[in-house]
Amino acid sequence: MKKICESLVKLNKLNQKIVLLIIIQNQSKMQIQGQIVDIENRRIYAGEITVESGKITSIIEKKHEVQNYIMPGFIDAHIHIESSMLVPSEFAKIAVLHGTVATISDPHEIANVLGSAGVYYMIENSKKVPLKFHFGAPSCVPATTFETAGATIDSNGIKELMASPDIYYLAEMMNYPGVLFDDAEVLKKIQWAKYFNKPVDGHAPGLRGEAAKKYISAGITTDHECFSFEEAEEKLSLGMKIIIREGSAAKNFEALIDLLPENYENMMFCSDDKHPDDLILSHIDSLCARAVAKGIDVFKILQVACVNPVNHYKMNVGLLKENDAADFIVVEDLTNFKVKQTYINGELVAKNGESFVKHIPYKTPNNFNITSKEISDFTISGSASKIRVIEALEGQLITNEIHHRPLIVDGKIVSDTENDILKMAVVNRYENTKPAIAFIKNFGLKKGAIASSVAHDCHNIVVVGTSDEEICNAVNLIIKNTGGVCAVNGSENKMLPLPVAGIMSDKNGWETGKLYQEIDAMAKELGSHLKAPFMTLSFMALLVIPDLKLSDKGLFSGNSFSFVDLEVED
């Protein structure tokens, strides 16, 4: 009798395991109905998708009453995650709410601070969440030799990165003069990309004619820096793929969107740089809605937003086909693209405005090695009748060089708030050196100062202010917090600390976005009329974008690719 009882217990345990296995198998199988958006065959039909173990096992036509649309997820074809001021895992929490399932991510910003270690940090962090980040090897660290970065990645470093299966492409080749003049080190980097059969991204704003032909013939396949219809049209005709950018500062959608109907097979969408408050509001979904509002064929739009990046970069992303990874979204309509659900590898990661991407602990590496500054560090003597002034442009990364009579007080050139000619400085964050000083127009501050350690490409401290004292106070607040963005006005200040490499927050996206909005609002209260003053500020040290910029080493002309004097000879 005892043996019979023992046998029954064993059988019962076996049955429990079988039942449990069946439950698990059933849980891994999912069926979802909706209006299937077949981009490749340009049709929409009522259907049902079956997902098992993260893969689409079948897509069938089936009558039902469900009106929501099922389509491939959106892809940002070029973004610096660091510019959201969030680490990848925190970026993912917000991005999935907009139906973004993957990105082409250039870790250029953190690489300029920490080198290849920064690239691997981004990869490691991104693997802890479902969103599919596809990182590139930063091609220009530092971007130029005319500024101080925290690290260098040479051609040997590029070889090591390109050999990694976690690296999908050679990121934007900003050093277009190096390509044009056959710089051996630049060409080695491009050759390593070709050796590993990975595409090369471009970055050549305003490059036209024979120079553009040579740049493209080197093997460079894309450009997201076109700011005119004619420039993009010419580069398309030369075989380059054009990425329409709409970020927090640079906005080229309106200039380029009319190219899409005839060139949709060779275009993509990107945000490039998107601050956290803007990411909360929208992502690639909004570009699709804007394109539809212009009457452009929805299938062409969705090929640009969902399909082309996958094919160009050989991304590990499903395109709503049988045997693909179950990466897709459910949207309310094909007009506004309001996202109801987002699935990645068959996992529901967002639903009706709620993100299911979980918080994960992460490290906060940094590279901030300077002590506080004195007011005298920001004074500059002069007697010139004219000085060079950086003219910032709304919604553009490019700047102009203008000449203006300086305001001189007691032999010192100071901010001229009446004419909106404000003092600007770039402070080396990696070693104690004398700040570089210049003057800038169109920030509009009437009092106080704003500063940031998010300053492309090397992420030194950049500051604009109405007096040397306010400028010094803003810089010291950044130094005290080992990175961040701030606005100061006398004893009043607002600060968003960025302890991760001095460019990313250790808070979640919503907290970061709220703090950023408060600082942005204060900058506007101080008089700035720019839509995104901090994003614009972050690009005023970006030497590879013409024309006049400021590095920690001095005033620089992107047109002549050389340093220039502040004072202008009559």
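**Largest pocket.** I began here and found 19 residues lining the largest pocket, with Pro142, Ala143, Thr145, Asn175 and Val186 lying nearest its centre. For the record, I worked on a 1 Å grid over the protein atoms alone: a pocket is an open set of points with protein on both sides within 12 Å along at least five of seven lines, a cavity is a set where a 1.4 Å probe fits but cannot get out, and lining residues have an atom within 4 Å of a point. The space in this pocket comes to about 320 Å³; a volume here is the space filled by probe spheres set on the points, which are joined across faces, edges and corners. Helix H7 (residues 184-195) gives the largest share of the lining, three residues. Helices (H or I, at least four residues) and strands (E, at least two) are DSSP runs, numbered from the N terminus. By class I noted nine nonpolar, six polar and four charged residues in the lining. My classes: Ala, Val, Leu, Ile, Met, Phe, Trp, Tyr, Cys and Pro are nonpolar, Asp, Glu, Lys and Arg are charged, and the others, Gly among them, are polar.

**Ground rules.** I am reading a predicted model, where local features need pLDDT of at least 70 and side-chain atom pairs count only at pLDDT 80 or more, while totals for chains, interfaces and linings use all residues. Residues are numbered from 1 along each chain as its sequence is written, and side-chain values use heavy atoms, with hydrogens and water left out.

**Cavities.** How many cavities of 30 Å³ or more are there? I got three. The largest cavity has a volume of about 70 Å³. Its lining has 14 residues, and His80, Glu172, Asp273, Phe539 and Leu542 lie nearest the centre. That lining divides into four nonpolar, four polar and six charged residues. The second largest cavity has a volume of about 50 Å³. Among the residues lining the second largest cavity are Glu147, Cys458, His459 and Asp552. Its lining is made up of six nonpolar, three polar and two charged residues.

**Cysteines.** I searched the whole structure for disulfides (cysteine sulfur atoms within 2.5 Å) and found zero. Cys306 is in no disulfide, and its nearest cysteine sulfur, that of Cys288, is 6.0 Å away. Is Cys306 buried or exposed? Cys306 is buried, at a relative accessible area of 0%; buried means under 20%, exposed over 50%, and partly exposed in between, with a 1.4 Å probe and protein chains only.

I then looked at strand E25 (residues 484-489) and strand E26 (residues 492-497), which run antiparallel and are joined by six bridges. My pairing rule is at least two bridges found by DSSP between two strands. Asn489 has Glu492 in E26 as its bridge partner. The two strands form a hairpin with two residues between them, and Gly490 in the turn has a positive phi of about 65°.

**A three-stranded sheet.** The order in this open sheet is E27-E28-E29, with antiparallel pairing. Strand E27 (548-551) and strand E29 (562-563) are the edges, each pairing on one side only. Strand E28 (residues 554-557) pairs with E29 over two bridges, and Phe556 stands opposite Phe563 in E29.

**Leu287.** I found Leu287 in helix H13 (residues 284-293). Leu287 is buried, with a relative accessible area of 3%. Leaving out residues up to four places away in sequence, Leu287 touches Glu246, Phe253, Phe269 and Cys270 (contact is heavy atoms within 4.5 Å).

A cis peptide bond joins His456 and Asp457, with omega about 5°; Asp457 lies in the loop between strand E23 (449-452) and strand E24 (461-465). Another cis peptide bond joins Pro546 and Asp547, with omega about -5°. Asp547 sits in the loop between helix H17 (533-538) and E27. Asn345 is not a glycine, yet has a positive phi of about 55°. I place Asn345 in the loop between strand E14 (339-344) and strand E15 (347-351), partly exposed at 40% relative accessible area. Asn442 also has a positive phi, near 95°, and is buried with a relative accessible area of 18%.
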